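Take a look at the coordinates first, then work through the points below.

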Amino acid sequence: MRAHSILARRLAHRLAPCLALFLASLLTLTPAAVRAEEQQPLGIGLEGFAYPFPVRFLPLTRDGEAQRLAYMDVPAADNANGRTVLLLHGRNFPSSYWEPVIRALSNAGYRVVVPDQLGFGKSSKPVGAFTFDRMAADTIALADSLKIQRFDVVAHSMGGMLAVRLARSYPQRVNSLVLEAPIGLEDYRFTVPPVSDETLLAREGDLSADAYRKQLMTSYALSIPAAAIEPFVSIRERVKGSGEYPRWLKSFVNSYQMIWGQPVVHEIPLVKAPTLFIMGANDHNAPGKGFAPAEMRSGMGDNTGHARSLAGRMPNGKAEVINNVGHLVHMEATEMFNTLTLEFLNTH
């Protein structure tokens, strides 16, 4: 932690301008700037929502239906080092939120591939059960289609659970892992009882924009203004106007059941790839906490403690904790996150 403190002091004076610039770019997407556009419904493939780089599609099959996996493939801006980084998103976010990380990695010489997993963002929305095994297989299918044999992974939140399964199932393909505020550092089945699809569909379907905004700000202990997450709130509200909204909702609920019912925490100490956890000190997010008995909730979400403990049990694990930020580390402490990530990748 002493080394981290030195790094924090070195970067602190540079963090504010970078964050201000990134927030300014987000604010251009708020209703105040594009109010008329943001009142329009979105298709469940986010057809009316712009991504920062061109989006391509990989044909797949799921639930007996043709599906499309959306992804961005961003080349190194200069001095390509021949390496590729895959960015894996969280449950509540489209892959567009990786923009500041994509630019940092590309500028540092990395090719950056950024998929929306099936069920999220611009990808198709399957209605059958989700599994991390299938997500990992889809991710490998994408890498194969792009002729990428070995890659590094930077993963956030739910993407961290997928990254663990990816590294366990395809160890020969994964060079290293950076896990940003991953969920799944505890087995939620021990504290959260099963919840029916019907209950989840009703709960998610009734969630208003104000309630969702509050949920993100409080559950994720965010240190950025609420305006910075307005694009995500807007997306959720606008897809309600799609004729396929029930399909979107079913797909979103299926992802909760996967997170609850398919723990990866027991596999993390078995991951052989060098792994860096980058945690926000204020992040106590724990999916399903609201369904847990009141007397058990306070013991959930010790994410920094779990990360340190798990890193110590791994063959090559390390944990960095950034003070005064929550679950969206790469948006709350952009330059520090990028610096830690690049220092780790460049030495592995």
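The notes that follow cover the cavity and then the salt bridges.

This is a predicted model, in which local features need pLDDT of at least 70 and side-chain atom pairs count only at pLDDT 80 or more, while totals for chains, interfaces and linings use all residues. Residues are numbered from 1 along each chain as its sequence is written, and side-chain values use heavy atoms, with hydrogens and water left out.

**The cavity**

- Searching the whole structure turns up one cavity of 30 Å³ or more (a set of points on a 1 Å grid over the protein atoms alone where a 1.4 Å probe fits but cannot get out).
- The largest cavity has a volume of about 200 Å³, where volume is the space filled by probe spheres set on the points, joined across faces, edges and corners.
- Its lining has 17 residues, and the closest to the centre are Arg-91, Asn-92, Phe-93, Ile-235 and Trp-248; a lining residue has an atom within 4 Å of a point.
- Helix H8 (230–238) and helix H9 (245–261) are the elements that give two or more residues to this lining; helices are DSSP runs (H or I, at least four residues), numbered from the N terminus.
- By type, the lining of the largest cavity divides into ten nonpolar, four polar and three charged residues. Here Ala, Val, Leu, Ile, Met, Phe, Trp, Tyr, Cys and Pro count as nonpolar, Asp, Glu, Lys and Arg as charged, and the others, Gly among them, as polar.

**Salt bridges**

- The whole structure holds 18 salt bridges (a side-chain nitrogen of Lys or Arg within 4 Å of a carboxyl oxygen of Asp or Glu).
- Lys-250 pairs with Asp-197, with the closest N and O atoms 3.0 Å apart. Lys-250 lies in helix H9 and Asp-197 in helix H6 (residues 197–205), so the pair ties together parts that are 53 residues apart in sequence.
- Lys-250 is partly exposed at 24% relative accessible area, and Asp-197 is partly exposed at 22% (buried is under 20%, exposed over 50%, partly exposed in between, with a 1.4 Å probe and protein chains only).
- Within helix H7 (residues 209–219), Arg-213 and Asp-210 are three residues apart, or about one helical turn, and their side chains meet in a salt bridge of 2.8 Å, N to O. Asp-210 is exposed, at 57%.
- Lys-318 and Glu-320 form a salt bridge at 3.6 Å between the closest N and O atoms; Lys-318 is partly exposed at 44%, whereas Glu-320 is buried at 9%.
- Salt bridges with shared partners also join Asp-133, Arg-165, Arg-168 and Glu-267 into one network.

Note on methods: On a 1 Å grid over the protein atoms alone, a cavity is a set of points where a 1.4 Å probe fits but cannot get out, and a pocket is an open set with protein on both sides within 12 Å along at least five of seven lines; lining residues have an atom within 4 Å of a point.
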